[in-house]
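Here is a walk through one protein model. Keep the structure open and follow along.

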Amino acid sequence: MTLLDDIAACRLCQAHFDHIPSPVIQGSKKAKILIAGQAPSLTVHKTGKPFNDASGKKLRSWLGVTELQFYDPALFAIVPMAFCYPGRGKSGDKAPPKLCAKTWRETVLSEFNHIQLTVLIGQYAQAYHLDSFTNVTDTVRQWQSYMPTQIPIPHPSPRNHHWLKLNPWFEINAIPALKSRVSDILMS
């Protein structure tokens with residue numbers, strides 16, 4: 001049994017959910033880009049395919065990649081902070097349970113030895129991976145200081161349309177740099 005099989009069989013959080021856990025993760029030891037996300041959406045939970053929703057469509061656009069490229073585990077490792085849909089909260093999905101990252105994250109990340117870029121999506125991934133994290137806006141505003149090995153980005157959810165409208169610099173400046181870096185990595 002492989003590590004990804006062990007994760008697929010994980011039920012550690014079952015008592016915390018109103019649904020049966022269904023861990024979602026993608027990757028191989030050859031992966032070049034790590035997508036460090038938050039937790040699967042309800043759509044992803046139902047399909048078992050990471051970022052198989054509106055957020056994924058926006059993310060692939062920001063990365064400048066096709067679905068075929070994005071779902072190639074030799075190119076992209078998709079490792080959220082929690083592998084299961086956390087359920088619905090008052091203003092969106094609940095936060096990813098910390099137990100998942102505490103149990104699995106270091107072991108999973110140690111499997112990926114060829115990562116050239118880590119895309120840190122949203123506050124949970126940024127807080128975990130960056131010692132300097134304060135909040136999403138301030139952290140993303142400093143995106144250049146993390147390149148070429150990391151880039152913090154806001155969550156590509158349609159719920160963040162307002163944030164993108166208030167921060168046009170992100171799509172004007174950071175997205176072209178992100179696309180260029182991803183393109184360089186995929187061509188290498």
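Which residue in S6 is the bridge partner of Leu120? The partner is Pro152. Before going further, note that this is a predicted model, where local features need pLDDT of at least 70, side-chain atom pairs count only at pLDDT 80 or more, and totals for chains, interfaces and linings use all residues. Residues are numbered from 1 along each chain as its sequence is written, and side-chain values use heavy atoms, with hydrogens and water left out.

Start with the sheet. Helices (H or I, at least four residues) and strands (E, at least two) are DSSP runs, numbered from the N terminus. Two strands pair if DSSP finds at least two bridges between them. Here 4 strands form an open sheet in the order S2-S1-S5-S6, with parallel pairing. Strand S2 (76-78) and S6 stand at the edges, each with a single partner strand, so one side of each has no neighbour in the sheet. From one strand to the next, the twist averages 15 degrees. Axes here are lines fitted to C-alpha atoms, for helices over the stretch in contact, and angles run from 0 to 180 degrees between N-to-C directions.

Now the pairings. S1 and S5 run parallel and are joined by 4 bridges. Ile33 has Leu117 in S5 as its bridge partner. Helix H10 (residues 168-187) packs on the sheet and touches S1, S2, S5 and S6. Contact means heavy atoms within 4.5 Å. The direction of H10 makes about 145 degrees with that of S5.

Strand S5 (residues 117-121) pairs with S6 in the parallel sense over 4 bridges. Gln150 and Pro152 point one way from S6, Ile151 and Ile153 the other way, and all are buried. Buried means under 20% relative accessible area, with a 1.4 Å probe and protein chains only. The peptide bond from Met147 to Pro148 is cis, with omega near 10 degrees.

Next, helix H5. A kink of about 50 degrees is centred on Trp104. The bend at a residue is the angle between axes fitted to the seven residues ending there and the seven starting there. Trp104 is among the buried residues of H5, including Cys100 and Val108. These buried residues pack against helix H1 (3-8), strand S1 (33-36) and helix H6 (122-129).

Finish at Phe51. Its phi is positive, about 55 degrees, although Phe51 is not a glycine. Phe51 counts as buried, at 11% relative accessibility.

How values were computed:
Buried means under 20% relative accessible area, exposed over 50%, partly exposed in between (1.4 Å probe, protein chains only).
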